[in-house]
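Dear colleague,

I am passing on the structure below, together with notes on what turned up when I went through it. Please read the notes with the coordinates open beside you.

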Amino acid sequence: QGIEEEDVSPGFVLCDASNPIKTGKIFDAQVVILEHKSIICAGYSAVMHIHCAAEEITVKALICLVDKKTGEKSKTRPRFVKQDQVAIMRIECSGLICLEQFKLFPQMGRFTLRDENKTIAIGKVLKVVE
């Protein structure tokens, strides 16, 4: 209540004042690489589209690989991820964005990663770190 249409821009999130949505820059996510010619490793950057916001991101660290069939997580940290693999990675955004854990609020917890006008990966937010 009390918000004018001019005050709202694309990417803004309207929420209940008593239960505000989380904002963060760094988060852990489970990412499925759909189509990407080379490998993805720490330091890789792309554009993340989450709800209706687009934000530049950098992969800070690869935490583990996830087996597609069994869902088991690898014990060792991978050095890189390639096409058709599922990985849990720590991602840092260039700015502050609104996001929520996928299991608590699916609509605010799913995203796509795009590079060179192609969707290279889809993912879900597991944990907001900061």
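The largest cavity holds about 30 Å³ of space, where a cavity is a set of points on a 1 Å grid, laid over the protein atoms alone, at which a 1.4 Å probe fits but cannot get out, and where the volume is the space filled by probe spheres set on points that are joined across faces, edges and corners. The structure has one cavity of 30 Å³ or more. Its lining, meaning residues with an atom within 4 Å of a point, consists of Ile33, Ile40, Tyr44, Val59, Met89, Leu113, Ile120 and Ala121. By class this lining comes to eight nonpolar, no polar and no charged residues, with Ala, Val, Leu, Ile, Met, Phe, Trp, Tyr, Cys and Pro taken as nonpolar, Asp, Glu, Lys and Arg as charged, and the others, Gly among them, as polar.

Please bear in mind that this is a predicted model, in which local features need pLDDT of at least 70 and side-chain atom pairs count only at pLDDT 80 or more, whereas totals for chains, interfaces and linings use all residues. Residues are numbered from 1 along each chain as its sequence is written, and side-chain values use heavy atoms, with hydrogens and water left out.

On the strands, helices (H or I, at least four residues) and strands (E, at least two) are DSSP runs numbered from the N terminus, and two strands pair if DSSP finds at least two bridges between them. Strand E1 (residues 23-33) pairs with E4 in the antiparallel sense over nine bridges, and alanine 29 stands opposite methionine 89 in E4. E1 also runs antiparallel to E6, to which seven bridges join it; here isoleucine 33 stands opposite alanine 121. E5 and strand E6 (residues 118-128) are an antiparallel pair with six bridges, and in their hairpin, which has two residues between the strands, glutamate 116 takes a positive phi near 50°. Strand E2 (residues 45-50) and strand E5 (residues 110-115) pair in the antiparallel sense over four bridges. Threonine 112 stands opposite histidine 49 and also opposite isoleucine 122 in E6.

Glutamate 100 lies in the loop between strand E4 (86-98) and helix H1 (106-109) and counts as buried at 10% relative accessibility. The side chains of glutamate 100 and lysine 22 are joined by a polar contact of 3.3 Å. Neighbours within four places in sequence aside, glutamate 100 is in contact (heavy atoms within 4.5 Å) with residues including Phe105, Met108 and Val125.

Threonine 76, in the loop between strand E3 (53-66) and E4, is exposed, with a relative accessible area of 58%. Setting aside its neighbours within four places in sequence, threonine 76 is in contact with Ile63 and Cys64.

With best wishes

Terms used: On a 1 Å grid over the protein atoms alone, a cavity is a set of points where a 1.4 Å probe fits but cannot get out, and a pocket is an open set with protein on both sides within 12 Å along at least five of seven lines; lining residues have an atom within 4 Å of a point. Buried means under 20% relative accessible area, exposed over 50%, partly exposed in between (1.4 Å probe, protein chains only). A polar contact is a pair of N or O atoms within 3.5 Å; within protein, one must be able to donate a hydrogen and the other to accept it, and residues adjacent in sequence count only if both atoms are side-chain atoms.
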